[in-house]
Amino acid sequence: MSLQFTILLIGILLFAAVWTTKLSSRLNIPALLIFIALGMIAGSDITGFIRFDDAELAQLLGTVALIIILFEGGLQTAWKEVRHELAPSLSLATFGVFIATSIVAVASHYILGFSWANAFLLGAIVGSTDAAAIFSVLSGQPIRRKVGSTLEVESGTNDPMAVFLTVLFLEFVTNPEEASLLMGLGSLVWEMSMGLLIGLFIGWTASTLINRIDLSSSSFYPILLMSFAFLSFGLADTFHASGFLAVYVTAIYISNHELVYRQTLVRFTMSMAHLAQIGMFIVLESRNNCSISGLSCLPLPLR
């Protein structure tokens with residue numbers, strides 16, 4: 001595919017994605033479904049305009065997009081509204097993920113004939129909700145605020161449990177003699193606690209710096225704000241903590257403290273999040289040559 005045609009196709013897809021959101025509003029369906037449909041149309045399933053089979057690039061794009069989407073979701077979260085839903089959200093993010101994993105595992109074992117270890121590994125991979133999909137589905141939908149807040153917080157905090165279960169059952173599949181539940185629990189506690197602490201630290205740093213620094217142009221403030229989202233994820237991931245939890249906590253901290261140019265920064269982040277949703281779901285749905293037996297075929301990266 002030539003460079004000129006690629007650029008033209010990107011413009012067409014972005015234009016179509018924006019205008020089809022009007023259709024989703026009229027039909028009262030999530031815009032996420034429209035983006036997925038566009039990806040299928042542009043991909044190898046129908047037209048074949050996009051033949052995307054680079055698993056590493058897909059993981060990079062998915063991670064970057066999810067960082068932006070989670071950060072925007074956190075900026076839209078008011079602590080006074082979600083603190084009352086924190087207990088049910090964390091229950092869903094831990095016990096709920098385990099229950100969903102178990103249901104998929106039982107079905108995989110008895111219906112597909114997987115061994116218990118492989119069945120639970122498959123359940124762990126698909127057992128947690130996807131923050132990108134949740135935020136997209138809930139956007140503009142007539143859902144009670146309490147329910148919406150619970151689902152948003154759950155989708156932003158279930159990453160450590162998903163990682164814990166995936167790594168644990170992967171150990172049982174690849175090296176059952178040395179697999180340790182205690183070690184897995186220690187990893188879960190570390191990921192959650194360090195992700196929380198790093199998120200709070202980066203959030204405090206961002207709020208303090210953005211409010212005190214005097215940049216030559218106000219147009220640099222949105223870029224500075226987004227840099228803290230990636231700093232939060234990168235720092236947490238470096239310490240083997242939950243990067244996505246750190247990003248979400250950072251955004252919540254920033255949103256609930258004084259912030260210069262708040263409306264401008266929030267609108268910029270919302271636009272970036274919409275662009276990330278469009279790009280991620282279109283690109284990932286347009287991949288080809290993907291085998292269900294490979295972990296690289298997951299719609300979002302293993303965290």
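**A close look at helix packing**

A: Among contacts in the chain between residues at least 6 apart in sequence, 74% join residues at least 24 apart; contact here means heavy atoms within 4.5 Å. This is a predicted model, in which local features need pLDDT of at least 70 and side-chain atom pairs count only at pLDDT 80 or more, while totals for chains, interfaces and linings use all residues. Residues are numbered from 1 along each chain as its sequence is written, and side-chain values use heavy atoms, with hydrogens and water left out.

The chain has 13 helices and zero strands. Helices (H or I, at least four residues) and strands (E, at least two) are DSSP runs, numbered from the N terminus. Of the 303 residues in the chain, 44% are buried, a word that means under 20% relative accessible area, with exposed over 50% and partly exposed in between (1.4 Å probe, protein chains only).

Let's settle on helix α6 (residues 116–126) and its partner, helix α5 (residues 86–111): their axes come within 7 Å and cross at roughly 140°. That angle makes α5 oblique to α6, because angles under 35 degrees count as roughly parallel, over 145 as roughly antiparallel, 65 to 115 as roughly perpendicular and the rest as oblique. The axes are lines fitted to C-alpha atoms, for helices over the stretch in contact, and angles run from 0 to 180 degrees between N-to-C directions.

Where do the two helices touch? From α5 come Thr101, Ser102, Val104, Ala105, Val106, Ser108, His109 and Tyr110, and they meet Trp116, Ala119, Phe120, Leu122, Gly123, Ala124 and Val126 of α6. This contact holds ten nonpolar residues, five polar and no charged. Ala, Val, Leu, Ile, Met, Phe, Trp, Tyr, Cys and Pro count as nonpolar, Asp, Glu, Lys and Arg as charged, and the others, Gly among them, as polar.

The buried residues of α6 are Ala119, Phe120, Leu121, Gly123, Ala124 and Ile125, and they pack against α5 and α9. On the α9 side, have a look at alanine 162, which lies in helix α9 (residues 159–174). Alanine 162 is buried, with a relative accessible area of 8%. Leaving aside neighbours within four places in sequence, alanine 162 is in contact with Val97, Ala124 and Ser128. Alanine 162 and alanine 124 are 38 residues apart in sequence, yet 6.2 Å apart in space, C-alpha to C-alpha.

The contact is made by Thr63, Val64, Ile67, Ile68, Phe71 and Leu75 of α3 with Leu225, Met226, Ala229, Phe230 and Phe233 of α11. Those residues divide into ten nonpolar, one polar and no charged.
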